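Thanks for coming. I will go through one model today, starting with a pair of helices and then moving to the aromatic rings. Please have a look at it first.

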Amino acid sequence: MAPESFVRIAQLCQQLQAAGYAYYVLDQPIMEDAVYDRLYRELQDLETAHPELITPDSPTQRVGDKLSTQSTAVAHRIPLYSLENAFDLAELAAWQTGWQRSADTTAATAYVCELKIDGAALALTYQNGLLVRGCTRGDGTTGEDITANIKTIRSIPLKLQLDNPPEFVEIRGEAFMPIATFDEINVDRAANGEYLFANPRNATSGTLRQLDPKIVAKRRLDFFGYTLHWPNDAEIKVDTQWASLELLKQMGFRVNPNCELCPDLAAVGNFYDKWQLDRQNLPYLTDGVVVKINEVALQQELGFTNKFPRWAVAMKYPAEEVPTQLLDISVNVGRTGAITPLAHLAPVQLGGTTVQRATLHNIDRIIQLDLKIGDTVVVRKAGEIIPEVVRVLPEFRPADAREFVMPTHCPVCNQPVVRSSLEAATRCVNPRCAAILKGAIAHWVSREKMDIDGIGDKLIEQLVDQELVKSVADLYFLTAEQLQTLERMGAKSATKILAAIEKSKSQPWSRVLYSLGLRHTGAVVAENISQKFTSVEALMAAEASQIEGIFGIGGEIATAVTMWFKDAENLALIDRLRAAGLNLEGTAVAPSTGIFSGQVFVITGTLPNLQRSEAKELIQKAGGKVTDSVSSQTNYLVAGDKAGSKLAKATKLAVPVIDEAELLKMLESV
């Protein structure tokens, strides 16, 4: 090994690292691209000649070997907690009251406000200043090791810019794809005939899971650091969140420049309001503001619930609204026969996705909007998921705008449609309509119902179109030979599907009732009915008044159930399901006198440890009732992550809101 090579490699690494930091983090280039390329090539040549001199923080190590096809699960040394959401200043004030109660204080404190970047959370581990591991958030406890891909992100330092780094330090932050990069990638993918990414967030997540780091490097992801897990015995003391952000910058990370130290909630509100308007001008997507208590000592005192830090909250912005043009209206036929108008729109970016269609609900909604084809309309995402048209801008109506006329015949089976005076929906009532059958099968096989794995939309299309299945009962009489006549269906796949169908026969009577798709009969209603009427025969013989007497069930539901069981084709379906061996009877549930006796619960959002069905079972065993909707009769709302509108309604009605940990604590005596 030549001493001059050792020295030259060290010089080149230092020069290239400084240039990369200036370019990717500071956005202040100090070196011409051509010069950087020449020095980089020189370093590559020297390391090829002297591989023993390659160091982990060398700029050449950013793009390494391909990842294994089997991702490695990694337990987080420090859990990655999600954040509780607030949707307005009143909820923010309630959050402050909550942490003050936990800390037994009424004193105010300073907050750090940071924009909530719409990307993918990462956890980065540094040992003695060197990046040794990077992984995804995963479920918060366990993530995927994607170190090779993370090294391709130029704004993540391979080596911390500290003279005496701690033995261990962990940085949390958000990987994201700038909007301009996202648009360029989709243009290229369209030119190559590839599917387009839905939005920058999905593109980021998909990119990070690529097996080839070279592909990741080409997509030019970026990164903002926002959390620092710093040892208490380190030379540098970090006692505030604001100091953490400053130290992250000193260590070589990009920190979002749009952050602010706010002395009180009023200043937090001003920051939130400012960025609700100004976020449209940012080069990346943000969907809210993260508010953190500034003092680390107070953060540590408050600690965490099972899901959230008590010292931080995410203030989410309301659903985005954008104008676009209505190009046409078509109709879809659902599993109940409801014919739903669908708006076809000029493509528009909404909440980070390209929207080209939106629901119009029914003909009454179209009349109410005074909507005509050709109009300029305002679209938003209902519940941040389903796009809907919310209003028309009549001042932009073109001269050739046309009225929409609801079809008089089903667009699928061409049978006449009907509309009852009691409801807004127009329906196809032909029980043999292919659209209704396909919807019924999709409903039947879904995970929360009969849970038949492997039967998706494409297979359902083939089964119905080739007349192999004319009712959900026919699924249980399919043969391997029949399945193998279908497109892209081999013997192995057919065997798996038949096994999944067979397994579904063990689902309880309540699941079968839910899967039948009776009008207004969701999971909770089906469960409550099945507890009183413990067999299909008992339910078939029931009067509407008997069903209406069940907790949470009114006259409309009771009538819909009794009418369903008076239909001859439905009775024939029950006979075939019985012949196939499905559970059409259950076990009566004795009334409970537990600690929740007489109390009504609603469960919403994603709980950290329990499935909703598990939480529901625990509540019922303790004598409680579980319903789907919040009302003045609700005693408790059990709220998890992404609780949404039910949480807002509970807050408005002053219904007590508890999390999973509080529910389990209440149940400790059971």
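At what angle do the axes of helix H3 and helix H9 cross? Before the answer, a word on the source. This is a predicted model, in which local features need pLDDT of at least 70, side-chain atom pairs count only at pLDDT 80 or more, and totals for chains, interfaces and linings use all residues. Residues are numbered from 1 along each chain as its sequence is written, and side-chain values use heavy atoms, with hydrogens and water left out.

Now the answer. Helix H3 covers residues 89–103 and helix H9 residues 265–278; their axes cross at roughly 145° and come within 11 Å. Axes here are lines fitted to C-alpha atoms, for helices over the stretch in contact, with angles from 0 to 180 degrees between N-to-C directions. Helices (H or I, at least four residues) and strands (E, at least two) are DSSP runs, numbered from the N terminus.

Which residues meet there? From H3 they are Leu89, Leu92, Ala93 and Gln96, and from H9 Leu265, Val268 and Gly269. Contact means heavy atoms within 4.5 Å. By class, the contact of H3 with H9 has 5 nonpolar residues, 2 polar and no charged. In this count Ala, Val, Leu, Ile, Met, Phe, Trp, Tyr, Cys and Pro are nonpolar, Asp, Glu, Lys and Arg charged, and the others, Gly among them, polar.

Next, the rings. The structure holds 14 aromatic pairs. Rings of Phe, Tyr and Trp (its six-membered ring) pair if their centres lie within 6.5 Å; planes under 30 degrees apart are stacked, over 60 edge-to-face, and the rest tilted. One of the pairs is Trp95 with Tyr111, tilted, at 5.7 Å centre to centre and 50° between the planes. Trp95 lies in helix H3 and Tyr111 in strand E3 (residues 111–117), so this pair ties together parts 16 residues apart in sequence. Trp95 is buried at a relative accessible area of 8%, and Tyr111 is buried at 0%. Buried means under 20% relative accessible area, exposed over 50%, and partly exposed in between (1.4 Å probe, protein chains only).

The pair of Trp444 and Tyr476 is edge-to-face because the ring centres are 6.4 Å apart and the planes at 80°.
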